[in-house]
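Please take a moment with the sequence and the model before reading on. The paragraphs below go through the chains one after another.

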Amino acid sequence: MSQLELGLPRRTHHFLRVFFVGGLISYRALFYWITPWMYVPTMLAAPLFQILFFVYLGRSAGVGSMAFFVVGNSIQICSMSGIYGMTMAIANERFFQTLSPLLASPANRVALFLGRGLPVLVSGVQTTVFGFLASALILGFRPPANSLPGLCLTVVVTAASCTGFGMALGSFGLRTRDVFLISNIAYFAMLLICGVEVPLQRLPGVLQGLAQVLPLTHGIAAGRLLAGGGPLSRALPDIGLELLVGAFWATAAFLLFLLFEHEGRRSGAFDRL
Amino acid sequence: MPPPAHPGGGAAIEVQDLRRTYRTSTGTFRRHRVDIEAVRGLSLCVPPGQLFGLLGPNGAGKTTTIRVLCTLLLPTSGTVRVLGHDVVREPKAVRRQIGYVFGGDRGLYDRLNAVDNLRYFADLYAIEPRLQRRRIEEVMELVGLRGRERERVEGFSRGMRQRLHLARGLLHDPPVLFFDEPTIGVDPVGAREVRQVVSELARAGKTILLTTHYMFEADSICQRVAVISKGKIVAEGTPQELKSAVAARTVVEVEAYGVPEQTLGRIRELAGVESLAVEVREQSQLLTIQAQEGAQLTARLLQLLEGVRVERVANREPTLEDAYVSLVTSG
Amino acid sequence: MSAAQRVPAQGLFRTLPAPLTWPRITLSGWWFQLKMQAQSGFLIMTALVQPLIFASIAMADQQAGNRTLPLLYYALGAGIMGIWSTVVFGCGGALSWQRHQGTLEPLVMAPAPLVLVLLGITLGTATVGLYSMSATLFWGWAVFHAHVDIADPGAFCLAALATVVALGLLGLVMGSSFVLYRNSSAISNAIEYPVWLITGLLVPLSLLPGWTHPLAYILAPTWGVQALRSAALGGDPWLPLLWCLVASLGYLLLGVFLVANVERLARQRASLNWQ
């Protein structure tokens, strides 16, 4: 036992291992969309057609500009990785019936939890970058060159806040087996609410209010401003808000995780499929 | 061993030189194909009305064989017939005549109740609509699930799920039944009940092929047993015949603590020793040594084990398990 | 447990010629699938919430834009989008769930033709899609004040029914691939948007590049939505309805052919169970 007990430096090392290595392994094990057979159709083809779909819809209704839909949808598609990736990272533990052994381990919950977010964030950024590149090639979308650094920052921050939000949704995976129902509703509702396809000011007041605390809203606003030639200084407040929203959801996620873990131990809901 | 020829299709289950290869690939971009031979030239023959046991360790090819027989897998080569129907050419005719009961708790619609689980299959097996209700009641009664019909399957215990599997397998009253480790994970009382139903079905004239890795299960209910190891049958006969293969042996069991690897090697080389199996228990090791009858082992053993703490040494009669262990470890 | 001897019952099996048992097998599967779906929140979401969101986006864009097309035009398109989503996700999901649960094997092992088992599942999912049609119409009327005056109610109902059957049969064509591939959701994910786009459900075909038109013509949603729009907004629903039926027949034949091959392939590749 004494050999297995970790000293303090080893404990930090252990935390980092659970965070990076554990996060990556669980990502590969649970987020099965990253195998090439899933990744190309799901994370590349589907988002591309989504962008085309809404650009054409805008054209047919005679509303918005091409850039409006390209920026909105390209940034929005990073939430696919954030929301579904994180939901799967937790809910699929139940599907594979590995949730119980996982929760029975003494691993640090912060590391266990946040470690799963990092690969999800990276793949979210990837999808968005692909969306922009494909739009540039197919639709001739050309943002000003000096907006690119700001756009990159916006994309990373938005992907991070979506990941935080996804964690919160994923926590429900400890509690309900129909967690994909929740993530689906969230994913599609955000298309409507967060100003992706419809300008915020055209929405009813309640939805506008809700949009303020959801990820994407501020990131997309910042992205549109930058792509329209606005200076980074004017986009920074929105980027900051997006980061704040993400931090809020990540914290909420962690608290929910602890709460549901505790509840699950009481009700024995972990291994019900 | 090749089965006897049955020109008129006398056998209920007939497998000739069955081979089955699985192709798996590793790597994402540079895919590297690997062929795994799960069954390599297996032959067996079960006459109508016999309860036949297929015995073997995990991964020996039992489940693959049974899944080929049940028309779920195509053989890579060889001939497989059930009641004279070829599983490759006439899968439909085979399917009408067989029931497949697999072990474990998968294979049921968890979110539906027991009756709904059966009702759908009643239609898929073309059971006369006006008889369906009665028939479902009958099989539920038979497996002892009366009164639980309207409960969702997700609340069922493993034993109850196993019985529901059984009910589904019996729904269309098939003359040939396949049981794949039917008592796995079921508690001793439940397992005994399952064995009882299997024996009763055999008495009622069904042909039954059962796989298991529990020796006593095969010993207690099967009329004939084949031991399968690494995809091939290594021995076949009645449980008594298999036991007699080791009857001319004596079995010495030694319980000891921390026997070094070299010593184990030396025991294997002792004159008269046929096989040595080591089972690691919580702290001790259990050495089961099979030797030719009359080989005076005990003294020589204790000599080799000098310096090792020996808990007990015992001589006993060989069992079917010994026959099995010697077959699958030597093969 | 009691004695096994009294089980054999005379006349347990239907003595009808096989084809006469087919309707019952299909209907039974259809009903079974509806029951399964009633237990799953996922499909209700796909059938109900998602189409409302798309209908809202389309109608909000239309209200802000040039208003060349009536709101009902979008509501109907969004409804069919919903049916399509239920079919691709419901059918793929049902089969991978069956595979995971281990119930795909007993289904394949049953003597009933596999194509009928699959047909029951796909028609069942398409039927759930009818929700989305009614929901988007109601939503358009209640929230966006669309005029829901159906010009020819009889033709409209017929068109809705034909669309459901056609999409269910199109699902059957895809269902064969779902039996074979474990990652069926990849297929679902990839074909949802493209079919929405090129069959002109929200974007008129005339706006799309010409090379997509032949594809649109062989996809039933194209004809289904035209039949529904003609029946609702005035026009000739019968020609698109006829094409819808022709397409359905084509899918059925293709489905029968594919499923027969796929069953064989699945037995060869050992892909019926979850590994």
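Among the contacts in chain C between residues at least 6 apart in sequence, 83% join residues that are at least 24 apart, where two residues are in contact if their C-beta atoms, placed from the backbone, lie within 7 Å. This is a predicted model, in which local features need pLDDT of at least 70 and side-chain atom pairs count only at pLDDT 80 or more, while totals for chains, interfaces and linings use all residues. Residues are numbered from 1 along each chain as its sequence is written, and chains are lettered from A, with ligands numbered from 1, in the order in which they are written.

Chain C has 10 helices and 0 strands; helices (H or I, at least four residues) and strands (E, at least two) are DSSP runs, numbered from the N terminus. The radius of gyration of chain C, taken over C-alpha atoms, is 20 Å, close to the 19 Å that the globule rule (2.2 Å times the number of residues to the power 0.38) gives for 275 residues, so chain C is as compact as a globular protein of that length. Of these 275 residues, 56% count as buried, a residue being buried if 20 or more other C-beta atoms lie within 10 Å of its own, exposed if 12 or fewer, and partly exposed in between, with C-beta atoms placed from the backbone.

Chain A has 12 helices and 0 strands, and 49% of its 273 residues count as buried.

Chain B holds an open sheet of 6 strands in the order β6-β7-β8-β3-β9-β10, with mixed pairing, where two strands pair if DSSP finds at least two bridges between them. β6 (98-102) and β10 (232-237) of chain B stand at the edges with a single partner strand each, so one side of each is left without a neighbour in the sheet. Within the sheet, β7 (residues 176-180) and β8 (residues 207-212) of chain B pair in the parallel sense over 5 bridges, and D180(B) has T211(B) in β8(B) as its bridge partner. Helix α5 (residues 158-170) of chain B packs on the sheet and touches β6 and β7 of chain B, and helix α6 (residues 188-203) of chain B also packs on the sheet, touching β3 (51-55), β7 and β8 of chain B.

Where chains C and B meet, the contact takes 35 residues from chain C and 43 residues from chain B. On the side of chain C that touches chain B, the elements that give two or more residues are α1 (18-38), α4 (104-109) and α10 (238-269) of chain C, and α1(C) gives the most, with 7 residues.

Terms used
Axes fitted to C-alpha atoms, helices over the stretch in contact; angles between N-to-C directions.
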